[in-house]
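Open the model in your viewer and keep the selection tool at hand. The tour goes stop by stop.

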Amino acid sequence: PDFNNQGPTVDITLKTRMWPNEAETVRGPYTATTSTNKIDLRVKAREMAIRMATSSGPASESFWELGSIAFDTQQSGEKR
């Protein structure tokens, strides 16, 4: 994760689905601390939403900035 000035931990939750009218599948939360270098996960989906929320620490320390988000994607090879 690329966070600047991160004080508390940040929880990252992914919501995925294969089809527009399908129910969402929730993955996570994955916790990112100041010492987290990388979060490995594998998701198979056509749509994805990302939610980031502060999970701990006093309100005065809840400031953080998000840098670039990077995803490695690969076509699954399935015919649709």
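**Stop 1: strand β2**

Select residues 10-17, strand β2: 6 of its 8 residues are buried, so the strand is mostly covered. Buried means under 20% relative accessible area, exposed over 50%, and partly exposed in between (1.4 Å probe, protein chains only). Strands are DSSP runs (E, at least two residues) and helices are DSSP runs too (H or I, at least four), numbered from the N terminus.

A word on what you are viewing: this is a predicted model, where local features need pLDDT of at least 70, side-chain atom pairs count only at pLDDT 80 or more, and totals for chains, interfaces and linings use all residues. Residues are numbered from 1 along each chain as its sequence is written, and side-chain values use heavy atoms, with hydrogens and water left out.

**Stop 2**

Two strands pair if DSSP finds at least two bridges between them. Pick Asp 11: its bridge partner in β3 is Thr 31. Pick Lys 15: Val 26 of β3 stands opposite.

Thr 16 has Met 48 as its bridge partner in β4.

**Stop 3: the sheet**

Show the three strands together. They form an open antiparallel sheet in the order β3-β2-β4. β3 and β4 are the edges; each has a single partner strand, so one side of each lacks a neighbour in the sheet. On average, neighbouring strands here are turned by 20° against each other, direction ignored.

**Stop 4**

Select Thr 13 in strand β2. Is Thr 13 buried or exposed? It counts as buried, because its relative accessibility is 15%. Leaving out residues up to four places away in sequence, Thr 13 touches Val 26, Arg 27, Pro 29, Ala 49, Ile 50 and Arg 51. Contact here means heavy atoms within 4.5 Å.

Move on to Pro 29, which is found in strand β3. The peptide bond between Gly 28 and Pro 29 is cis, with omega about 10°.

**Stop 4: the salt bridges**

The structure holds 3 salt bridges. The criterion is a side-chain nitrogen of Lys or Arg within 4 Å of a carboxyl oxygen of Asp or Glu.

Select Arg 17, which is partly exposed at 22% relative accessible area. Arg 17 forms a salt bridge with Glu 24, with the closest N and O atoms 3.4 Å apart. Glu 24 is partly exposed at 41%. Another salt bridge joins Arg 17 to Glu 47 (3.4 Å, N to O). Arg 17 lies in β2 and Glu 47 in β4, so the pair ties together parts 30 residues apart in sequence. Glu 47 is partly exposed at 34%. Shared partners join Arg 17, Glu 24 and Glu 47 into one network.

Then select Lys 38 and Asp 40. Their side chains meet in a salt bridge (3.5 Å, N to O). Lys 38 and Asp 40 are exposed.

**Last stop: the whole protein**

Zoom out. The protein has 0 helices and 5 strands. Of its 80 residues, 15% are buried. Among contacts between residues at least 6 apart in sequence, 65% join residues at least 24 apart.

Notes: Axes fitted to C-alpha atoms, helices over the stretch in contact; angles between N-to-C directions.
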